[in-house]
Amino acid sequence: MPAPQPPILTFEEARRTVEDHAAHSTPGAEETVPLLQAAGRVLAEPIAADRDIPPFPRSTRDGYAVSAADLATLPTKLKVIGEIKAGPAQLPPALNRGQAFSIMTGAPLPQGADAVVMVEYTSQQDDSVEIKKAITPGENIVAQAAEAKRGTLLLDRGTRLNEADIALAASVGKAKLQVFVRPRVAVLTTGDEIVEVQAEPGPTQIRNSNLYSLAVQILQGGGEPVLLPIAPDEPRRLRQLIEEGLQSDLLLMTGGVSMGRYDLVEQVLADLQAEFFFTGAKIQPGKPIVFGRVNSWRSGRLVRSGPTAPDSPQDQHKYFFGLPGNPVSTMVTFELFARPMLEALAGMSPHPLVFLHARLKSEIRTKPGLTRFLPATLSGKYEDSQVELVPWQGSGDIAARSRSNCYIVIPPDRDHIPAGEWIPTMLR
Ligand code: AMP
Ligand code: MG
């Protein structure tokens with residue numbers, strides 16, 4: 001009996017399908033790297049505060065450390081009993097009523113002081129300072145442990161480390177970090193017309209640009225691209241290369257997934273006993289997008305990769321995406337569907353796809369039925385930013401995508417969006 005046809009899903013259904021599978025995917029091995037090399041990597045260990053942050057009540061201004069109660073009547077004069085710089089050899093002595101310390105930004109507050117008066121509201125003569133402005137306790141100081149108590153979790157496993165995270169790790173003394181090994185993502189481009197970038201193309205040949213856009217997107221997504229040779233539209237060689245690609249943690253293929261007579265990718269995958277979760281999504285560009293997995297126990301061969309631990313459940317199956325060959329479709333479908341799976345295999349905690357809203361510059365008319373992701377430019381300045389479509393010749397138009405800096409997202413129920421409406425956009 002023939003297997004039921006895998007479905008063509010709405011954008012949301014297709015995205016949810018990938019997210020569900022991603023949620024059950026586990027990352028591979030871990031490694032320890034020097035702090036700076038951990039930037040952009042995914043943290044594999046929890047990082048806690050090794051002491052209170054700040055470790056002492058910290059002045060946030062240059063001025064005078066005082067007891068707010070001393071400033072009940074104004075102006076008032078206090079006796080300056082010393083100066084506290086940031087990083088004194090010892091903690092400063094306590095302050096008594098009627099006294100003040102001259103204090104610098106970042107310096108520890110003395111005991112008995114509960115606020116810092118900014119230098120602008122004072123005038124000092126000899127060892128006496130006159131204060132002209134009232135203050136409430138806590139002003140211009142950060143209390144000890146206000147940012148984090150010793151032992152508080154600061155960064156969890158699964159965090160993709162940005163500059164603030166690296167700084168935070170540095171602030172708690174982590175010179176090295178445990179991170180996940182990057183998943184290996186095989187890229188298999190297909191098509192008899194496709195030639196290497198270095199080759200002189202014949203009159204009807206097309207250079208292999210998808211290999212490069214995907215490699216960049218994989219790197220940006222936290223993976224390590226594994227570039228396979230171009231597969232011809234011929235089942236034997238295609239199958240060989242797909243099997244090679246299944247040695248990686250994830251396999252991305254482009255081209256050969258439309259309904260063309262030579263679109264063989266699905267056929268070869270079916271021969272490998274692949275499970276298909278969807279074979280299309282109601283989107284533009286990128287309608288012929290395929291998501292599935294090959295179970296190694298079903299296809300009867302060992303599918304194993306570097307970072308994945310030998311006994312992990314992932315060892316029993318490998319996910320793949322058949323992305324459409326049209327270059328802009330390839331880029332869009334990677335962002336929408338391949339990225340969440342890649343991020344899960346990279347150890348990243350899941351996060352929802354968010355669209356930012358911008359004001360539409362010129363009206364859009366389109367046919368309803370598909371969720372569209374159309375190359376667009378976000379321009380303007382400050383709160384006046386506006387978005388508009390980039391003129392394009394369809395999903396083969398790499399130059400139009402290159403001129404764009406975002407996508408306008410059009411829901412499937414809209415056929416007209418007037419200028420001035422706030423509409424969803426997807427950056428990248
Ligand atoms: P396909 O999905 O194989 O029918 O291909 C759709 C369109 O994308 C065709 O015009 C192909 O020439 C083009 N295409 C397919 N693969 C690539 C590639 N690797 N680089 C650039 N263009 C491609
Ligand atoms: Mg093709």
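I began with Leu252 and, setting aside residues up to four places away in sequence, found that Leu252 touches Val185, Ala186, Val187, Leu188, Leu214, Ile218, Phe321, Phe334 and Ala338. I note here that the model is a predicted one.

I then turned to the largest nonpolar core, which has 36 residues, and saw that Leu252 is among the members touching the most other members, together with Leu250, Phe278, Phe321, Phe337, Met341 and Phe373. When I asked which elements supply at least two residues each, I listed H1, E14, helix H3 (210-220), strand E18 (250-254), E19, E23, helix H7 (327-345) and strand E28 (406-410). H7 gives the largest share of this core, with eleven residues. I also logged a second, separate core of 21 residues, which includes Ala186, Leu228, Met253 and Ala274.

Next I traced the sheet, which is open and mixed in its pairing, with six strands in the order E17-E14-E18-E23-E22-E19. Why does one side of E17 and of E19 lack a neighbour in the sheet? Strand E17 (224-227) and strand E19 (275-278) are the edge strands and each has a single partner strand, so one side of each remains without a neighbour there. From one strand to the next I read an average twist of 25°.

For ligand 1, I recorded 16 surrounding residues, the closest being Glu193, Asn208, Asn210, Gly256 and Gly325. Looking at individual atoms, I found a polar side-chain atom of Glu193 at 2.6 Å from an oxygen atom of the ligand, and a polar side-chain atom of Asn208 at 2.8 Å from a nitrogen atom of ligand 1. Gly256 takes part through its backbone, where a polar atom is 2.8 Å from an oxygen atom of ligand 1.

Last, I looked up Pro46, which lies in the loop between strand E2 (30-34) and strand E3 (47-48). Leaving out neighbours within four places in sequence, I found Pro46 in contact with Leu153, Leu155, Asp156 and Arg157. I also noted that Pro46 and Arg182, 136 residues apart in sequence, are 18 Å apart in space, C-alpha to C-alpha.

Definitions and conventions:
Residues numbered from 1 in each chain as written. Chains lettered and ligands numbered in written order. Predicted model: local features only at pLDDT ≥ 70, side-chain atom pairs only at ≥ 80, totals over all residues. Heavy atoms only, no water. Pairing = 2+ DSSP bridges. Helix = DSSP H or I, 4+ residues; strand = E, 2+ residues; numbered from the N terminus. Axes fitted to C-alpha atoms, helices over the stretch in contact; angles between N-to-C directions. Core = buried A, V, L, I, M, F, W, Y, C linked by side-chain atoms within 4.5 Å. Buried < 20%, exposed > 50% of the residue type's maximum accessible area, 1.4 Å probe, protein only. Contact = heavy atoms within 4.5 Å. Near = heavy atom within 4 Å. Polar contact = N/O pair within 3.5 Å; in protein donor to acceptor, adjacent residues only side chain to side chain.
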